[in-house]
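Colleague: I am new to this structure and would like to learn how to read it, feature by feature. Could you take me through it slowly?

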Amino acid sequence: MAGKIIADQIEHSTAGSLDTSYVVNGSAKMWSNVQSDQSTQNDSLNVSSVSDEGTGASRRNLTSAFANNPFSHAGLSVVQTNSGGFSRFTSVSASAVETSVRNSANSAHDKENSCIALGDLA
Amino acid sequence: MSEIKVDTLTGKTSAGDITVTSEGGAATMQLQQGLAKAWATVDQTGTMAFLDSFNCASLSDDGTGQTTISFSSAFANINYSVGSTCEQGSGANDSRVLGRQNTTPRVTNSFPFFVLNVELTALLDVDVANTIFHGDLA
């Protein structure tokens, strides 16, 4: 059986100490990098499946759900320099996030994108 | 209150796998996977500089609005995830976006990005460009 330690604080010999609540609360609970087809995931944490929701849009379904909706999330889309592009990230439920990549003309845009989410898991 | 004083945390069964219990207690997650492996706040104006950073070794000024961050410890693969925001000007009507420069393939030891003024479709230097990276370190 693996060992288990229950502690409220950890301290490094030179780098200082930290309440373990920051480790639990401050860790990303989901991250994902999806290819431009909006359905092929390169790598991820806590994502059970990805579905293509149309041009520039995808949905990440989570393995472990958040305790609340909305939860905090951020992201980035990959576009050619000067072609514009931005992403909208929406937590559609406690167990799914949708991304929408658009160009500077506000048109749906199939581009690689990443997102990260933080918050309390259920 | 319990306290652990330690310099290194290593998984017992698997060195790179330490499990933490979720806030609600219903799930467990791998500690290493949830930790940010690098982050940086960069001032692109004037002489480009880190305002603060973690696991970032250096910056290169690639032109107006364009920067490459080099990591101290490289990722294990090119599939890491990135989050970003940027800050420039005042008020709430400045549309700025940060994206990865897609002129070269992804690499494990650096990340090139650009900041775009959406209305003007022009690159610009911003006061603060924030990035955070998650993935597997080598």
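Modeller: Let us begin with the two chains together: 44 residues of chain B are in contact with 45 residues of chain A, where contact means that the C-beta atoms of two residues, placed from the backbone, lie within 7 Å. The elements that give two or more residues to this side of chain B are β1 (3–5), α1 (31–34), β8 (81–87), β9 (96–101), β10 (110–117) and β12 (128–134), helices (H or I, at least four residues) and strands (E, at least two) being DSSP runs numbered from the N terminus. This is a predicted model, in which local features need pLDDT of at least 70 and side-chain atom pairs count only at pLDDT 80 or more, while totals for chains, interfaces and linings use all residues. Residues are numbered from 1 along each chain as its sequence is written, and chains are lettered from A and ligands numbered from 1 in the order in which they are written.

Colleague: Which strand of chain A is joined to β1(B), and by how many bridges?

Modeller: Two strands pair if DSSP finds at least two bridges between them. Here three bridges join strand β1 (residues 9–12) of chain A to β1(B), and the two run parallel, with I4(B) as the bridge partner of I10(A).

Colleague: Why is strand β3 of chain A said to be largely enclosed by the rest of the structure?

Modeller: A residue is buried if 20 or more other C-beta atoms lie within 10 Å of its own, exposed if 12 or fewer, and partly exposed in between, with C-beta atoms placed from the backbone. Strand β3 (residues 30–34) of chain A is largely enclosed because five of its five residues are buried. In a regular strand the side chains alternate between the two faces of the sheet. In β3(A) both faces are covered, with M30(A), S32(A) and V34(A) buried on one side and W31(A) and N33(A) on the other.

Colleague: Which strands pair with β3(A)?

Modeller: Five bridges join β3(A) to strand β10 (residues 113–118) of chain A in an antiparallel arrangement, where V34(A) has N113(A) as its bridge partner. Strand β4 (residues 41–45) of chain A also pairs with β3(A) in the antiparallel sense, over four bridges, and there N33(A) stands opposite D43(A). Six residues lie between the strands in the hairpin of β3(A) and β4(A), where Q38(A) takes a positive phi near 70°.

Colleague: Is T63(A) buried or partly exposed?

Modeller: T63(A) counts as partly exposed because it has 14 C-beta neighbours inside 10 Å. T63(A) is found in the loop between β6 (57–62) and β7 (72–79) of chain A.
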